[in-house]
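This report describes the fold and the side-chain pairing of one protein chain.

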Amino acid sequence: MKQLIDQHRRKFFGVAAGAVAVGLGVIDLAVAQTEAQRSQASNASFGPIKQIDAGVLNVGYAEAGPSNGPVAILLHGWPYDIHAFVDVAPILAKAGYRVIIPYLRGYGSTQFLSGETPRNGEPAAMAVDIIALMDKLDIKTAVVAGFDWGARTADIIAALWPDRCRALVSVSGYLISSQAAGNVPLPPSAELQWWYQFYFATERGRAGYEKYTHDFAKLIWKLASPQWKFDDATFDRSAAALDNKDHVAITIHNYRWRLGLAQGEAKYEEIEKKLAAAPVIRVPAITMEGDANGAPHPDPSAYAKKFEGRYDFRLITGGIGHNLPQEAPQAFAKAVIDADGA
């Protein structure tokens, strides 16, 4: 299978990916995509969404590629959905990967099994969801890759369950944090970027997000990816996932938890304590950033030392914003393959 993946790597990207640089090796990858191409919705779609009970959830997920291939789990962020990877999945599938793309809790067809389960959006809970999904699907190890909430979840799995994570791809790098870190004041310009977090801390913010969910999400898309000329069809395809009955509750809890304004669940306390210590990541990892990311994100030099294994940072140019896998699917797919096989 390793040989097959190497062959497809050369076919799709024109290079054989050797060992990547250790430390902060910046690679400037120009995206071979015209503005006109990036402005249109992809005609691609996933096949029927599968459902499986895993942990506290009935998880909805898309799957592509051979059932016996090495696994790549792709994790979306807020307020996006699995279609962020709709053009990444076929590339990885053709390269021999079994691709699993789950809706996170509060999105799409993923539902809680019990009405009594807290609608908890804390980071530890989301990571445990993915481990439970891997267990249910009998996936021993996987390349775990994502952006936004999905990148944070992938980081946590790589840090705390390294035996389950063969390699990591994380847009915007090391995103593991804690409530204590969230209470540290930032310079005014940085605080301004988090305006929606403070809005969500209020009851007016919760009510506003519930009333204007789609309008709010579209605004975030535009601010986070100011040069991405997505059309209405592209947005509407993903916005449907935000109609999940628990989406607002999960979103509000996530941002309030970060500020210490909402409690988590006792069963996740030990995990959160480990995360508060900012554990290093030792699995092979590639972090990425778009050159036009309008969302809050750390400078790559600030987190480089958190990666102690084989590590590479890649800057993706061409006006690429926060939703990097959807805006630059070739570059994202290449990172998954390179992180796994280099």
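## Salt bridges

A salt bridge is a side-chain nitrogen of Lys or Arg within 4 Å of a carboxyl oxygen of Asp or Glu. By this rule the count is 15 salt bridges. The model is predicted, so local features need pLDDT of at least 70 and side-chain atom pairs count only at pLDDT 80 or more, while totals for chains, interfaces and linings use all residues. Residues are numbered from 1 along each chain as its sequence is written, and side-chain values use heavy atoms, with hydrogens and water left out.

Asp312, Arg314, Lys334 and Asp338 are linked in a network of salt bridges. Within it, Asp338 and Lys334 pair with an N to O distance of 2.6 Å. Both lie in helix H16 (residues 329–341), four residues apart, about one turn of the helix. Helices (H or I, at least four residues) and strands (E, at least two) are DSSP runs, numbered from the N terminus.

## Buried and exposed pairs

Buried means under 20% relative accessible area, exposed over 50%, and partly exposed in between, with a 1.4 Å probe and protein chains only. Asp338 is buried because its relative accessible area is 0%, and Lys334 is buried at 17%. In contrast, Asp138 and Lys140 form a salt bridge (3.2 Å, N to O) in which Asp138 is exposed at 54% relative accessibility and Lys140 is exposed at 58%.

Asp129 and Arg105 form a further salt bridge, with their closest N and O atoms 2.6 Å apart. This pair links distant parts of the chain: Asp129 is in helix H4, and Arg105 is in the loop between strand E5 (98–102) and strand E6 (111–112), 24 residues apart. Asp129 and Arg105 are both buried.

## Overall fold and core

The chain has 16 helices and ten strands. Of its 342 residues, 58% count as buried. Taking contact as heavy atoms within 4.5 Å, 81% of the contacts between residues at least 6 apart in sequence join residues at least 24 apart.

A nonpolar core is a set of buried Ala, Val, Leu, Ile, Met, Phe, Trp, Tyr and Cys residues joined through side-chain atoms within 4.5 Å. The largest one has 106 residues, and those with the most contacts inside it include Leu74, Trp78, Leu168 and Phe332. Helix H4 (residues 123–136) gives the most to this core, with nine residues.

## Packing of H4 and H5

The axes of H4 and helix H5 (residues 149–160) come within 9 Å and cross at roughly 70°. Axes are lines fitted to C-alpha atoms, for helices over the stretch in contact, and angles run from 0 to 180 degrees between N-to-C directions. H4 and H5 are therefore roughly perpendicular, the term for angles of 65 to 115 degrees; under 35 is roughly parallel, over 145 roughly antiparallel, and the rest oblique.

Pro123, Met126, Ala127, Ile130 and Ile131 in H4 meet Trp149, Arg152, Thr153, Ile156 and Ile157 in H5. By class, this contact has eight nonpolar, one polar and one charged residues. Here Ala, Val, Leu, Ile, Met, Phe, Trp, Tyr, Cys and Pro count as nonpolar, Asp, Glu, Lys and Arg as charged, and the others, Gly among them, as polar.

## Thr287

Thr287 lies in strand E9 (residues 285–290) and is buried at 0% relative accessibility. Leaving aside neighbours within four places in sequence, Thr287 has contacts that include Ser170, Tyr303, Asp312 and Arg314.
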